[in-house]
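Try each task before you read its solution.

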Amino acid sequence: MANQKKKKVTSHQWKWQQEQEAAGKCRICGRPLFSKNYCFDHAVRARERQREKLGCVRRNVNTALYTQDKQENNEQEEK
Ligand SMILES: [Zn+2]
């Protein structure tokens with residue numbers, strides 16, 4: 001009963017993020033998705049943030065995020 005009286009509060013930011021998610025875009029910047037939730041840049045940032053938080057030592061070098069990283073580096077070297 002109390003729920004019916006309460007007004008749902010959603011910030012503009014939260015609303016925008018929900019719209020991006022529904023449209024299949026990165027919820028931070030709105031670019032096309034690379035991983036489940038983020039574009040490539042933000043997926044890398046999320047990975048590094050979690051690695052630091054969890055204290056990871058090994059890197060799964062053959063995963064998409066790392067192989068894509070290499071391809072971009074190679075393209076930059078060629079130019
Ligand atoms: Zn992004």
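**Exercise 1. Find which helix of this predicted model has the lowest mean pLDDT and which has the highest.**

Solution. Helix α1, residues 2-5, has a mean pLDDT of 62, the lowest among the elements. Helix α3, residues 40-54, reaches 95, the highest. Then set these beside the whole protein. Its average pLDDT is 86, and 82% of the residues score at least 70. One caution follows. Where pLDDT is low, predicted coordinates should not be read in detail.

**Exercise 2. Check the span of α3 against the expected value.**

Solution. Count first: α3 has 15 residues. The expected span is 1.5 Å times one less than that number. This gives an expected 21 Å. Next, go from the first C-alpha of α3 to its last: the span is 21 Å, close to expectation. Finally, step past the helix end. G55 follows α3 and has a positive phi, near 70°.

**Exercise 3. Decide how many residues of helix α2 are buried.**

Solution. Locate α2 at residues 12-22. A buried residue needs 20 or more other C-beta atoms within 10 Å of its own. Apply that to the eleven residues of α2: the count is zero, so this helix is hardly covered. Just after α2 comes G24, with a positive phi of about 75°.

**Exercise 4. Describe the protein as a whole: its elements, its burial and its contacts.**

Solution. List the elements: four helices and zero strands. Along the sequence they read α-α-α-α. Turn to burial: 3% of the 79 residues are buried. End with contacts. Take those with a separation of 6 or more; residues 24 or more positions apart account for 3% of them.

Key
Residues are numbered from 1 along each chain as its sequence is written. This is a predicted model: local features need pLDDT of at least 70, side-chain atom pairs count only at pLDDT 80 or more; totals for chains, interfaces and linings use all residues. pLDDT is the predictor's confidence in each residue, from 0 to 100. Helices (H or I, at least four residues) and strands (E, at least two) are DSSP runs, numbered from the N terminus. A residue is buried if 20 or more other C-beta atoms lie within 10 Å of its own, exposed if 12 or fewer, and partly exposed in between; C-beta atoms are placed from the backbone. Two residues are in contact if their C-beta atoms, placed from the backbone, lie within 7 Å.
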